[in-house]
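Student: Hey, I've just opened a new structure and could use a hand finding my way around. Can we go through it together?

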Amino acid sequence: MSEIGLRERKRQRMFQELSDIAIRLFLERGFDAVPVAEVAAAAEVSKPTLFRYFPAKEDLVLYRIADHEGEAARIVAGADVPPLDALRRHFLDGLRRYDPVTGLNDAPEVLAFHSLLYGTPSLAARVMAYQERSEAALAEVLGGDLDARLAAAQIVAVQRVLALENWRRIAAGERAVALRAEAEAAAERAFGRLEAGLPGLRAVGPALDADRK
């Protein structure tokens with residue numbers, strides 16, 4: 001293994017360790033009750049070192065879902081089917097895998113993390129910013145014009161509402177296995193309505209721009 005590769009692995013391991021330690025402390029006592037200095041002490045690093053990895057306290061939590069940022073744009077960019085078909089398929093696959101990002105997961109640790117994420121105002125605001133960046137990335141892939149931005153906003157909103165509804169019902173005591181068929185049907189309805197309202201997204205790749213003209 002090259003020295004650069006080893007350094008990068010160590011760096012990624014440090015990101016993961018700091019995030020895991022912070023989330024454990026936040027789940028035990030609450031996000032606002034745990035200062036960054038305590039997280040640094042628990043991880044046996046200095047506070048400046050922690051801030052080199054995570055510039056803001058909220059980033060310690062958001063790191064757990066950071067790989068999903070821009071996911072919709074990557075799916076559309078790499079698909080050989082129309083954008084909505086690709087996104088529908090990806091969301092339904094996520095439901096069938098009980099991917100936590102779809103909200104359809106009743107593992108205690110996932111429920112606790114979602115409660116922390118959506119129950120802490122500063123974290124919820126940070127999630128909105130993360131979703132706005134994902135929306136902007138998707139709009140760029142769809143063409144970057146006003147129609148693309150409007151479409152991206154609707155798509156991201158639909159995915160967010162579907163995931164929050166799943167999480168809300170599971171948090172209220174429903175089981176993921178029992179809820180899955182309803183969640184899939186709701187996703188199919190939602191994407192069907194998107195397709196009906198966004199006929200310009202039935203094309204593939206470069207044909208998107210021509211289809212809107």
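This is a predicted model: local features need pLDDT of at least 70, side-chain atom pairs count only at pLDDT 80 or more; totals for chains, interfaces and linings use all residues.

Student: Got it. Which residues of H8 are buried, then?

Tutor: In H8 the buried ones are Leu123, Val127, Tyr130, Gln131, Ser134, Leu138 and Ala139.

Student: Why do residues three or four places apart point the same way in an α-helix?

Tutor: An α-helix has 3.6 residues a turn, so residues three or four places apart end up pointing the same way.

Student: What do the buried residues of H8 pack against?

Tutor: They pack against four helices: H4 (57-62), H5 (71-77), H7 (108-119) and H9 (146-171).

Student: How far does H8 reach from its first C-alpha to its last?

Tutor: H8 covers residues 121-141, which is 21 residues, and it reaches 31 Å. That is close to the 30 Å expected at 1.5 Å a residue.

Student: And what's going on just after H8?

Tutor: Gly143 sits there, with a positive phi of about 135 degrees.

Student: OK, zooming out. How many helices and strands does the protein chain have?

Tutor: There are 11 helices and zero strands. The C-alpha trace spans about 55 × 45 × 35 Å along its principal axes.

Student: What share of the residues count as buried?

Tutor: 42% of the 213 residues.

Student: New topic: rings. How many aromatic pairs does a search of the whole structure find?

Tutor: Seven aromatic pairs turn up. One of them is Phe15 with Tyr53: the ring centres are 5.0 Å apart and the planes are at 80 degrees, so the pair is edge-to-face.

Student: Where do Phe15 and Tyr53 lie?

Tutor: Phe15 is in helix H1 (residues 3-29) and Tyr53 is in helix H3 (residues 47-53), so the pair ties together parts that are 38 residues apart in sequence.

Student: Is Phe15 buried or exposed?

Tutor: Phe15 is buried, because its relative accessible area is 11%, under the 20% cut-off. Phe15 also pairs with Phe54: those ring centres are 5.3 Å apart with planes at 85 degrees, so that pair is edge-to-face too.

Student: And where does Phe54 lie?

Tutor: Phe54 is in the loop between H3 and H4, so its pair with Phe15 in helix H1 ties together parts 39 residues apart in sequence. Phe54 counts as buried as well, at 3% relative accessibility.

Student: Which residues form the aromatic cluster?

Tutor: Phe15, Tyr53, Phe54 and Tyr63 form one cluster.

Student: Last stop, helix H10. Is Val177 buried or exposed?

Tutor: Val177, which is found in H10 (residues 176-197), is exposed, because its relative accessible area is 62%, over the 50% cut-off. The C-alpha atoms of Val177 and Tyr98 are separated by 8.6 Å, with the two residues 79 apart along the chain.

Conventions
Residues are numbered from 1 along each chain as its sequence is written. Side-chain values use heavy atoms; hydrogens and water are left out. Helices (H or I, at least four residues) and strands (E, at least two) are DSSP runs, numbered from the N terminus. Buried means under 20% relative accessible area, exposed over 50%, partly exposed in between (1.4 Å probe, protein chains only). The expected span of a helix is 1.5 Å times one less than its number of residues. Contact means heavy atoms within 4.5 Å. Rings of Phe, Tyr and Trp (its six-membered ring) pair if their centres lie within 6.5 Å; planes under 30 degrees apart count as stacked, over 60 as edge-to-face and the rest as tilted.
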